[in-house]
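Please look at the structure below with its strands and aromatic side chains in mind. The paragraphs that follow begin with strand pairing and move on to the rings.

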Amino acid sequence: MSKKTRRNFQISHNRAIGLACAALIGLYTPVMMPTTVAADHKSAPMRPGLVVGIMVEGLNEDYLHLLYDYFVDDGFKRLMENGVTISNIDYGPEIDPTAAAAIIYTGASPSVNGIPSKDIYNVERRFGSDVLLDETTLGNFTDETYSPRAIKVSTLADEIRLDADGVGGVYSIVPNHQQSIISAGHAGNSAVWITDHTGKWATTTYYKDLPSPVVMRNYQAPLTAVIDTASWSPSMELSFYPDVPEYRRPYPFRHTFGRKDVDRYKAFKSSPVANREVTSLAIEYIENLQLGKRGVMDLLNLGYDLDPFAYGKLPDNRVETMDSYLRLDRDLSRLFKAIDTRVGSDKALIYVVGLPSQPSYKLEDEKWAIPTGQFSTRKAMALLNAYLIGLYGNGEWINGFHNGNFYLNTPLIRERGLDVVIVRSEAATFLAKMSGISEVYTIDDIIAGRAGDNGVALRRNTDAASAGDLIIRVTPGWEVLDDAMGGPSRVANETFSPSPAFILWPPLEPTQIEETVDARVLAPSLARLLRIRSPNAASLPALRFKQR
């Protein structure tokens, strides 16, 4: 044996002895390296450069199926054929679009995230105020003062922003200020909306960025300069729309936003013309801000409206609703094509979530004899106060009424040495006998989970800090006159309407989820796809999606 051979043998021998000794004392464990990867194992896809979150108020899956053959190939059809479809998002009872948006972005219910509705009652000042009102801020292009400080927990937008230590951008473009601010979260760069009084794109000084496309639009192409000539009419002959009765076909609609109409900007914001404006501004953001192409993950939040148009003269507005879907379909196609061109379809994750519709403000015509009535909040307060005077003596026992909540004069109750729980119970017993009230709960019953058919869900959706002492439900079909607070009347309705959601991300296999899905699941599920931390109050486990 040569010297070289003996040396190599000695090295191998010594190495074997060393590994054996190490194994005996636990310093080394032999590992068998696999020669092939398991067939069902799939590596995690690269994270998207751009996330586009789209909220659509009033989105209804029934209309999507009704109009499917009328859609272009790259709008709603792309979502329905190539994405994950969740047929029914469940927000729970007593939820408006603002509270629903907060659930989506926080993964938490109103009892946790602090956003129970678009406005809340101020007990000290005795009037309702915007849930996001923040008098410590200033408006930009508006005198409105809002901020996200009322949101008590982190949001999906916050977590995206924190993930890259603030390098990634978070922007929101929504005509409604509440949905815009909620989707931008605490840490967002910017949230813009259309004001009801001037039609300008506005924001709050809480956010530090004001993107140049917004400034340019307000100065060079403001809505005030074009709204007088803007109009909305059918995009095709009425005979082509499905399910339109013969008597309706000779009467096409035409809506304008004239200078003499005090609600013209509100009407504009609830029309497909505003949806087109959102889409155009979003494309300008993608192009000018280089979203999705900066080596980090950016989030662009958008908001659209498909609620039945409330500013028309005819009671039958189904043609307007269908036309809104068709026009939004083309807007989505335009947006998706811009994303494909500027960012790349394989580098963008898009999710679309339907939000509940706004309450109706139109009564059925009396000729149909649909049971109805009028519930006056002012009269209800007066009658309840008189009843409590009879029980406990003179005094102003009722502080106020707001959004189905009666607020008792708690300082007076305590001053008289009374038990507030007993007073609530007595008041509830009286209200339950009042015409127009179908159900009444005390806040004590709600917190204990004893209220309604689904007490646990109602407790989740009640923010104890802003709720009243008594919560009522008005009989469906009745007109609620908010004459106590001077607000608009509305029609009570408890019709359930399913809200669908879509997730479009090339690595995901197109899937149809028919089971009802808790809305709180969306935030952690999206966080899992994006490989970021879930919002800090998102307590439910994420959905697991099939990969291609």
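Strand S2 (residues 84-90) and strand S20 run antiparallel and are joined by four bridges, where helices (H or I, at least four residues) and strands (E, at least two) are DSSP runs numbered from the N terminus, and two strands pair if DSSP finds at least two bridges between them. Within this pairing, Ile89 has Ser499 of S20 as its bridge partner. The model is a predicted one, in which local features need pLDDT of at least 70 and side-chain atom pairs count only at pLDDT 80 or more, while totals for chains, interfaces and linings use all residues. Residues are numbered from 1 along each chain as its sequence is written, and side-chain values use heavy atoms, with hydrogens and water left out.

S20 also pairs with S12, again in the antiparallel sense and over four bridges, and here Tyr351 stands opposite Ile503 of S20. Because six of the six residues of S20 (residues 499-504) are buried, this strand is largely enclosed by the rest of the structure; buried means under 20% relative accessible area, exposed over 50%, and partly exposed in between, with a 1.4 Å probe and protein chains only. In a regular strand the side chains alternate between the two faces of the sheet. In S20, Ser499, Ala501 and Ile503 point one way and Pro500, Phe502 and Leu504 the other, and all are buried.

Since Tyr105 lies in helix H4 (residues 97-106) and Tyr351 in strand S12 (residues 348-355), the pair ties together parts that are 246 residues apart in sequence. Tyr105 is buried at a relative accessible area of 0%, and Tyr351 is buried at 2%.

Phe257 and Phe268 form an edge-to-face pair, 5.7 Å centre to centre with 80° between the planes. Phe257 lies in the loop between strand S10 (255-256) and helix H10 (264-269), and Phe268 in helix H10, so this pair ties together parts that are 11 residues apart in sequence. Phe257 is buried at 0% relative accessibility, and Phe268 is buried at 3%.

Technical notes:
Rings of Phe, Tyr and Trp (its six-membered ring) pair if their centres lie within 6.5 Å; planes under 30 degrees apart count as stacked, over 60 as edge-to-face and the rest as tilted.
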